[in-house]
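The sequence and structure come first.

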Amino acid sequence: MKVVLKMNDLQTQLISQNRSLLQGDPSAPTVFDITSDVLLEGFQWEVQRRQWGIKLRDYSRGFCYLGILCFADNYWLLATSPAELKAMTDSWLKIMTKHGW
């Protein structure tokens, strides 16, 4: 099967679908969660190191930072300024690229 992906007025060339889970496959959410954990862990380390996102009080360790929320196949970066959001987005995309996403 070959598909074309479109976004606004941009589109890809024909992309061949190789082996993947079909939409609606009951194992798809679990597989997605397992593979995205690696990305999230790397990004979370970067968030803490750079102190990005929303500062939360952790009574046992001081403070920690919440920089990303994930649910199913959606994510939200939580930045405190446009400049921080740009830096977070660049870092998130770099981590995703590194892992082949």
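The charged end of lysine 55 is placed over the ring of phenylalanine 63, 4.2 Å from its centre. Arginine 57 also lies over the face of phenylalanine 63, at 5.2 Å from the ring centre. A charge counts as over a ring if NZ of Lys or CZ of Arg is within 6 Å of the ring centre and within 35 degrees of the ring normal.

The model is predicted: local features need pLDDT of at least 70, side-chain atom pairs count only at pLDDT 80 or more, and totals for chains, interfaces and linings use all residues. Residues are numbered from 1 along each chain as its sequence is written, and side-chain values use heavy atoms, with hydrogens and water left out.

Searching the whole structure gives 3 aromatic pairs. Rings of Phe, Tyr and Trp (its six-membered ring) pair if their centres lie within 6.5 Å; planes under 30 degrees apart count as stacked, over 60 as edge-to-face and the rest as tilted.

| Pair | Centre to centre | Angle between planes | Class |
|---|---|---|---|
| Phenylalanine 43 and tryptophan 52 | 6.4 Å | 35° | tilted |
| Phenylalanine 43 and tryptophan 92 | 5.3 Å | 75° | edge-to-face |

The pair of phenylalanine 43 in helix α1 (residues 28-50) and tryptophan 92 in helix α2 (residues 82-98) links distant parts of the chain, 49 residues apart. Helices (H or I, at least four residues) and strands (E, at least two) are DSSP runs, numbered from the N terminus. Ring pairs join Phe43, Trp52, Tyr75 and Trp92 into a cluster. Phenylalanine 43 is buried at 0% relative accessible area, and tryptophan 52 is buried at 8%. Buried means under 20% relative accessible area, exposed over 50%, partly exposed in between (1.4 Å probe, protein chains only).

Helix α1 has 23 residues and spans 33 Å from its first C-alpha to its last, close to the expected 33 Å (1.5 Å times one less than its number of residues). A kink of about 35° is centred on serine 36; the bend is the angle between axes fitted to the seven residues ending there and the seven starting there. Ser36, Leu39, Leu40, Phe43, Glu46 and Val47 are the buried residues of α1. They pack against β6 (62-66), β7 (68-71), β8 (74-77) and α2, with contact meaning heavy atoms within 4.5 Å. Glutamine 51, which follows α1, has a positive phi near 55°.

The structure holds 0 disulfides (pairs of cysteine sulfur atoms within 2.5 Å). Cysteine 64 is partly exposed at 26%, as is cysteine 70 at 39%.
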